[in-house]
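Have the model open as you read.

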Amino acid sequence: MKYVHTDPRTKLFVLLICAIAITISPSLYYEGGLVFIILLYGILSGRPKYSFLMAIAYSALIGLAIISNFYFTGALRIMFTTFSDFIGKMFPCVMMGGILIGSTQASEFMAALNRMRVPKNVVVPVTVMLRYIPMIQEDWGYIKDSMKLRDVAPSIKGLIKNPSQTMECVYVPLMMAASKMADEISAAAVTRGIENPKPRTCIKQIHFYIQDIVVAVVFLSYFVIAFLY
C-alpha cells in the first residue's frame with residue numbers, strides 16, 4: 001500500500017487545529033468525529049496499527065463514561081466521568097502527536113523547522129526528542145524480554161503480584177538506559193554539526209503538495225463545524 005506523505009509543517013498545523021478544536025468542542029459527537037478523521041489520516045500516513053489501537057482505546061474510554069453515567073452514582077460516578085472527560089480532551093492531540101512523530105524523520109522535521117525560521121534553541125531539543133523516543137521504545141522491548149526470562153510479567157497483573165520486583169526490573173534499567181542514551185544522542189548531534197550557525201541542507205526536499213492542501217482543508221473545515229452548532 002502506498003502511503004500519503006505530507007509536509008511536517010502540515011502535520012504541525014493539523015496538530016494545532018486539533019488542540020484548538022478539542023478545546024472548543026461543542027459535544028462528545030464532535031470529539032468522536034475528530035478522532036475518526038485523525039484515524040483516517042493516520043492510516044493514510046503509514047501508521048495504521050497505532051491509529052487503530054488509539055481509536056480502540058478512545059472507544060473504551062467513551063464506553064467507560066457511558067457505563068458510569070448509567071450504572072454508577074455519587075462519588076464513583078463523578079470520579080469515572082471526570083477521568084474520562086479529562087483524558088478524552090487530551091486524546092486527539094496525543095493521537096495526532098504520535099502520528100506526527102512516527103511518520104516524520106528527525107532530519108525532515110528539523111529542515112521544516114529551519115524553513116519556518118524557528119530559533120535554534122527550540123529546533124535542537126525537539127530534534128533530539130524525536131530521535132530519543134524510538135530508541136527508548138526499542139530499549140523497552142529489550143527490558144520486557146529480559147523480564148520474561150526472569151518470570152516477571154511487565155503488566156498490571158505482574159505489578160500487583162510482585163510490585164517491588166517489577167518496579168526494580170523496569171525503572172532501574174530504563175532510567176540508566178535513558179540517561180546513557182541522552183548523552184549518546186547529544187554527542188552524535190554535536191558531531192554532525194547541529195550547532196553550526198550556517199543554514200543546513202536536507203536530502204529530502206521540503207515542499208507543499210496537493211495532499212498537504214487537502215489535509216489542511218479537511219481539518220480546517222471540521223474545525224469550522226464547531227461554530228455551526
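## Ground rules

Contact here means heavy atoms within 4.5 Å. Helices are DSSP runs of H or I with at least four residues, numbered from the N terminus.

Bear in mind that this is a predicted model, where local features need pLDDT of at least 70, side-chain atom pairs count only at pLDDT 80 or more, and totals for chains, interfaces and linings use all residues. Residues are numbered from 1 along each chain as its sequence is written, and side-chain values use heavy atoms, with hydrogens and water left out.

## Helix 3 against helix 4

Helix 3 covers residues 48-71 and helix 4 covers residues 74-102; their axes come within 9 Å and cross at roughly 165 degrees. (Axes are lines fitted to C-alpha atoms over the stretch in contact, with angles from 0 to 180 degrees between N-to-C directions.) That makes the pair roughly antiparallel, a label for angles over 145 degrees.

Who touches whom? On the helix 3 side, the residues include Tyr50, Met54, Tyr58, Leu61 and Leu64, and they meet a helix 4 set that includes Phe80, Phe83, Ile87, Phe91 and Met95. The contact residues divide into 15 nonpolar, seven polar and one charged. (Ala, Val, Leu, Ile, Met, Phe, Trp, Tyr, Cys and Pro count as nonpolar, Asp, Glu, Lys and Arg as charged, and the others, Gly among them, as polar.)

## The cysteines

Cys18 is buried, at 0% relative accessible area, while Cys93 is partly exposed, at 21%. (Buried is under 20%, exposed over 50%, and partly exposed in between, with a 1.4 Å probe and protein chains only.)

Conventions. Helices (H or I, at least four residues) and strands (E, at least two) are DSSP runs, numbered from the N terminus. Angles under 35 degrees count as roughly parallel, over 145 as roughly antiparallel, 65 to 115 as roughly perpendicular and the rest as oblique.
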